[in-house]
Amino acid sequence: MELFTNQVLAGIATGAIYACMALAVVMIYQAIDHLNFAQGEMAMFSTFISWQLMQWGIPYWAAFVITLIFSFIAGIAIERILFKPLTKAPVLTNVAGFIALFAIINSSAGLIWDFTIKQYPTPFGSAPFLGSQLISTHQAGMIGVTVLLLLGLYFFFQYTRIGLAMRAAASVPESARLVGINTSWMIALGWGMASAIGSIAGMLIAPVVFLEPNMMGGVLIYGFAAAVLGGLTSPFGAVVGGFLVGVFENLAGTYIPGVGNELKLPIALALIISVLVVKPAGLFGRHIVKRV
Amino acid sequence: MSAVEEVAEGHQAVEAVPKRAMTLGTGTSLVVLAALLIAPVFVKNFIIFQMTMLLIYGLAVLALNILTGGSGQFSLGQSAFYAVGAYTTAVLMEHFNVNYALTLPVAGVVCFGFGFLFGQPALRLSGVYLALATFALATAMPQLLKLNFLEHWTGGVQGLVVTKPDAPFGLSMSQDMWLYYFTLVVTLAIYIFSVNLLRSRSGRAFMAIRDNEIAASSMGVNVALYKTLAFGVSAAITGIAGSLGAIAVQFVAPDSYTITLAISLFLGMVVGGVGWLPGSFVGAAFIIFVPNMAESISKGLSGAVFGVLLFLVIYLVPHGARQIAIFGQQLAGKLRKN
């Protein structure tokens, strides 16, 4: 039983990483209706920016805020410059664009900061949290930030004019345009917000997985899986999905014989697919009724 | 998010390509075929090898094109089918001494079964959900091939070495050239099969499902059957491409068949034009040559150069090589009128 509780706790700790990433994935999915494959690389690049700022002697929180603003503007710029011209292109062409963006960011980061692994500081310290060896104060802080972020997003989307406008632009673009919402800029705003949330995720994850250009590869896959499991239409679902995937993964690694580190990912994915076969819209996603 | 989505207005991910627009005219096809037949006589062995790989990847992209462009289903798991085909051939050739040519149909049948079965759970999923499911298959495959109890057959992480076949009947041509012509014959056969498949009753059923699933099922198309059938056919062709690939490269190892391969095949399809079969080979050329080109432009930034080139291509021709072909056709039509 003790082993079980410990593994669940450890799962929640890693789950926080996935939850963070999943939240960013859902944000952009809400705004543009695609999964952005370059999301992880964008987050990685932002994290490197903050690392560079700290190397120049800027304190953690100042670097944090500057990076947030930078990521927000960079997200908008990427949408305006690279993806706005592709609005009329087929969906699959857009996906190819994401892959191209992935390659560009990954390779530039490798050239600027090279591929060696770097330490990244944590603002929360790394002492054991409440006397537990499995969950450190950093991981607890990460869970706290994820929950705060989720609450913030909830209030933004439910209670502000611009949040309402963004939701309108995403769900019924034609009608939204008719009531005077600039849908094209709402999409850009969505990119900016997703990029900023991604950068928070990146800066929180970096102390755990260490900073390097490929740090997001694995995390993003779990982030996608978590978002899909929770339902791509629900930020709350994404966070719950993140924690579930973390716990699944850890329990599978512990209790199923012969599952090493390498098979953890396929098993987690297989489990998610079995859930999806039963609930095709994800656990918390809204089921879309089709009208012919 | 709206809870009701208008299906009739066409929110489909894959655009509707009419079946006549899916192929090349007879004249152009013959010219291309003649070029493919003659070319190896004039070039070095390494280039012949690259042309063989082009045909092989072309087949794999073609398979994805039938699945996505034909039936509207999305797959990131093609590398898994490719791996199964490659391993079937390698194991048959090295452990059972089966002739290489005979392993191709076996690989095709094995992969058809595999794809058909995989299509069953995939039936309930579409769009990004299907992408995730197939993605899971692609990430799992290299790990499954490394499993301990399969090691006796698969060679584990080390993989298997495959013997390159000599030209038969005492023909005096190099192994590379023989393999090229062998691949060309197989490719042609599969290409003709695919064109005819899409023009047949089954092909029309695929396209009806792609354009509007509900309408298709009310017209009497067995949606479940044709969707899984599309998966099966696509997997079979990918598997045959995989076995040819194993023979050409002379080596199979789990890490040659990762998700990167599936992503390349996807890019090949987009660059060639979704739903345009000849474009598959253009796309294959893109995924074989452009990364090399990018590397020769800048070693450190090869990824970035590749990304920029890819962006250029999708800006210029968002519908892939098909767009160029249509443009050329219109131009030719105008010239003929004058």
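Q: Two residues count as in contact when their C-beta atoms, placed from the backbone, lie within 7 Å. In this predicted model, which residues of H2(B) meet which residues of H7(B)?
A: On the H2(B) side they are Asn45(B), Ile48(B), Phe49(B), Met51(B), Thr52(B), Leu55(B), Ile56(B), Gly58(B), Leu59(B), Leu62(B), Ile66(B) and Gly70(B). On the H7(B) side they are Asp176(B), Met177(B), Leu179(B), Tyr180(B), Thr183(B), Leu184(B), Thr187(B), Ile190(B), Tyr191(B), Ser194(B) and Leu198(B). By class, this contact has 15 nonpolar, seven polar and one charged residues.

Q: Why are H2(B) and H7(B) called roughly parallel?
A: The axes of H2(B) (residues 45–71) and H7(B) (residues 175–199) cross at roughly 15° and come within 9 Å. Angles under 35 degrees count as roughly parallel, so the two helices are roughly parallel to each other. The crossing of H2(B) past H7(B) is left-handed.

Q: Which residues make the contact of H12(B) with H13(B)?
A: Val290(B), Pro291(B), Ala294(B), Glu295(B) and Ile297(B) of H12(B) meet Ser302(B), Val305(B), Phe306(B) and Leu309(B) of H13(B). Seven of these residues are nonpolar, one is polar and one is charged.

Q: Why does Ala86(B) count as buried?
A: The cut-off for a buried residue is 20 or more other C-beta atoms within 10 Å. Ala86(B) has 29 such neighbours and is therefore buried. Ala86(B) lies in H3(B), residues 78–96. Leaving out residues up to four places away in sequence, it touches Gly242(B), Ser243(B), Gly245(B), Ala246(B), Val252(B) and Tyr257(B).

Q: How do you know that Asp114(A) is exposed?
A: Exposed residues have 12 or fewer neighbours on that count; Asp114(A) has 11 C-beta neighbours inside 10 Å, so it is exposed. Its place is in the loop between H4 and strand S1 (128–129) of chain A. Asp114(A) is not a glycine, yet its phi is positive, at about 50°.

Q: What makes Gln250(B) partly exposed?
A: Gln250(B) has 14 other C-beta atoms within 10 Å. That number lies between the limit of 12 for exposed and the limit of 20 for buried, so Gln250(B) is partly exposed. The residue sits in the loop between H10 and strand S3 (251–252) of chain B, and its phi is positive, near 65°.

Q: Which parts of chain A touch chain B?
A: 43 residues of chain A are in contact with 40 residues of chain B. H4 (91–113), H9 (216–230), H11 (261–278) and strand S3 (289–291) of chain A each supply at least two residues of that side. The largest share, 14 residues, comes from H4(A). The chain A side divides into 32 nonpolar, seven polar and four charged residues.

Q: Where in chain B is confidence lowest, and where highest?
A: Strand S1(B) (residues 4–6) has the lowest mean pLDDT, 42, and H10(B) (residues 223–249) the highest, 90. Over residues 1–11 of chain B, pLDDT stays under 50. The mean for chain B is 82, with 92% of its residues at 70 or more. For the complex, the predictor gives an ipTM of 0.82 and a pTM of 0.85.

Note on methods: Residues numbered from 1 in each chain as written. Chains lettered and ligands numbered in written order. Predicted model: local features only at pLDDT ≥ 70, side-chain atom pairs only at ≥ 80, totals over all residues. Axes fitted to C-alpha atoms, helices over the stretch in contact; angles between N-to-C directions. Helix = DSSP H or I, 4+ residues; strand = E, 2+ residues; numbered from the N terminus. Parallel < 35°, antiparallel > 145°, perpendicular 65-115°, else oblique. Left-handed = near helix turned anticlockwise from the far one by under 90°. Nonpolar A, V, L, I, M, F, W, Y, C, P; charged D, E, K, R; others polar. pLDDT = per-residue confidence, 0-100.
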